[in-house]
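The following note sets out numbered points on the model shown below. Each point may be checked against the coordinates.

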Amino acid sequence: MTLFGSSLSGQALRAAGVGAALMLSASAGHAQSSGPFAGFDGSWTGSGTVSLSDGTTEHIRCKASYKVAATGMSLKQSLNCASDSYKFDLSSDVTSQGDRISGNWSEKSRNIFGNLQGTAGGGRIDVFVEASGFAANLNLQTNGSKQVVQIDSKGEIRGVTITMTKS
């Protein structure tokens, strides 16, 4: 994979965007002790793998920062990830109405953006993320200071698994 100019790096970026959006969806809670974003506010770091359609995998490292609004019903996220062959800088905004969540995400350096929607509660986030020419299902399970993010798509990036810990 290359950083620019490859459709594979574009797909990897989109998959990462999905991961960012999902992590964002699960990452608030400092302002509210209960609700869909409970327990996620702050800084997180972790690593995982990206699985490609040709059967290969690549290691990925990530740092995330989440800020929840005083109402506890919206949050902003920043996610920086890198592998041996690419990097990306994502941001997301998510709002909640009960257990339903929705929002948008963008990747600054490549001017890619999309939407997300799904449900959140009980330490679990299930989101469908889309952008032009890309769609994926994202699941996040949080238990204390640990998050596991899983992304599944049918494109060149078949899956992403990242384990994050709260710092």
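1. The side chains of Ser 83 and Glu 58 are joined by a polar contact of 2.6 Å. A polar contact is here a pair of N or O atoms within 3.5 Å; within protein, one must be able to donate a hydrogen and the other to accept it, and residues adjacent in sequence count only if both atoms are side-chain atoms. The model is predicted: local features need pLDDT of at least 70, side-chain atom pairs count only at pLDDT 80 or more, and totals for chains, interfaces and linings use all residues. Residues are numbered from 1 along each chain as its sequence is written, and side-chain values use heavy atoms, with hydrogens and water left out.

2. Ser 83 belongs to strand E3 (residues 74-83); helices (H or I, at least four residues) and strands (E, at least two) are DSSP runs, numbered from the N terminus. Ser 83 counts as buried because its relative accessibility is 7%, where buried means under 20% relative accessible area, exposed over 50%, and partly exposed in between (1.4 Å probe, protein chains only). Leaving aside residues up to four places away in sequence, Ser 83 touches Glu 58, His 59, Ile 60 and Arg 61, a contact being heavy atoms within 4.5 Å.

3. The largest nonpolar core holds 36 residues, of which Val 50, Ile 60, Cys 62, Leu 79, Phe 88, Ile 101 and Ile 162 touch the most other members. Strand E2 (residues 57-68) gives the most to this core, with 5 residues. Such a core is a set of buried Ala, Val, Leu, Ile, Met, Phe, Trp, Tyr and Cys residues joined through side-chain atoms within 4.5 Å.

4. How many salt bridges does the rule give? The count comes to 3, a salt bridge being a side-chain nitrogen of Lys or Arg within 4 Å of a carboxyl oxygen of Asp or Glu. One of them pairs Lys 76 with Asp 93, the closest N and O atoms being 3.0 Å apart. That pair links distant parts of the chain, with Lys 76 in strand E3 and Asp 93 in strand E4 (residues 87-97), 17 residues apart. Lys 76 is exposed, its relative accessible area being 52%, whereas Asp 93 is partly exposed at 31%.

5. Asp 89 forms a salt bridge with Lys 108, and the closest N and O atoms are 3.5 Å apart. Asp 89 lies in strand E4 and Lys 108 in the loop between strand E5 (100-107) and strand E6 (112-121), so the pair ties together parts that are 19 residues apart in sequence. Asp 89 counts as partly exposed at 26% relative accessibility, while Lys 108 is exposed at 65% relative accessible area.

6. In the salt bridge between Arg 124 and Asp 126, the closest N and O atoms are 3.2 Å apart. Arg 124 is partly exposed, with a relative accessible area of 36%, and Asp 126 is partly exposed at 27%.

7. For the chain as a whole, the secondary structure comes to 1 helix and 10 strands, in the order α-β-β-β-β-β-β-β-β-β-β along the sequence. Of its 167 residues, 45% count as buried. Among contacts between residues at least 6 apart in sequence, 45% join residues at least 24 apart.
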